[in-house]
Amino acid sequence: MWVLFLIIMKIICVVSGGIDSCVAVAKTIEDYPKSETFFLHFNYGQKTENKEKDSFVKIADHFGIQEDHRRIVNIDYFKDYRCSLIKGNPDDPELTYLPFRNGIFLAIAVSYAEEVQAEKIIVGSMCADYGDGSLEFIEQFNKAIIKALK
């Protein structure tokens, strides 16, 4: 007698609605076609919030992500920051940094991954100019997650 255990990996994809996260999602689904995929999106008062949310929904629809596997997190924490990314603030290209934004998003993604018992978190990011978007940060964050979850 043979016993077959089919293990379906659960994956969280952080999806901004931009090209980086869309490519990361496509690659993830290509690499893990049998995975159970969850999408996580953040509204944080960004000027492009509606456009990003619409893109998030279109990407989720395109890849057939179930409604109950989509989570949108609303964060008003950044609303008073002087940053050109935030609604109502100047379009000064020098003011594009929101302190630890990516780190906060990753921490929430880890919490969501624990909730749904996901094994992987996928993020598409081109924010290497900021400390919390660098490869070194991601590597150290991974180590912190491993320590925190044991």
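**Entry 1**

I looked up Asp31 and found it partly exposed, at a relative accessible area of 40%. For accessibility I took buried as under 20% relative accessible area, exposed as over 50% and partly exposed as in between, with a 1.4 Å probe and protein chains only. The model is predicted: local features need pLDDT of at least 70, side-chain atom pairs count only at pLDDT 80 or more, and totals for chains, interfaces and linings use all residues. Residues are numbered from 1 along each chain as its sequence is written, and side-chain values use heavy atoms, with hydrogens and water left out.

I then found a salt bridge between Asp31 and Lys27, with 3.1 Å between the closest N and O atoms. I count a salt bridge when a side-chain nitrogen of Lys or Arg lies within 4 Å of a carboxyl oxygen of Asp or Glu. Asp31 and Lys27 are about one helical turn apart, because four residues separate them in helix α1 (residues 19–31). Helices (H or I, at least four residues) and strands (E, at least two) are DSSP runs, numbered from the N terminus. Lys27 is partly exposed, at 44% relative accessibility. I noted a network of salt bridges that links Lys27, Glu30 and Asp31.

**Entry 2: Arginine pairs**

I found Glu67 in a salt bridge with Arg70, the closest N and O atoms being 3.4 Å apart. Glu67 is exposed at 61%, whereas Arg70 is buried at 16%.

I recorded a salt bridge between Arg71 and Glu115, at 2.8 Å from N to O. This pair links distant parts of the chain, 44 residues apart: Arg71 lies in strand β3 (residues 70–74) and Glu115 in helix α3 (residues 101–116). Arg71 is partly exposed, at 32%.

**Entry 3: Total**

My search of the whole structure returned seven salt bridges.
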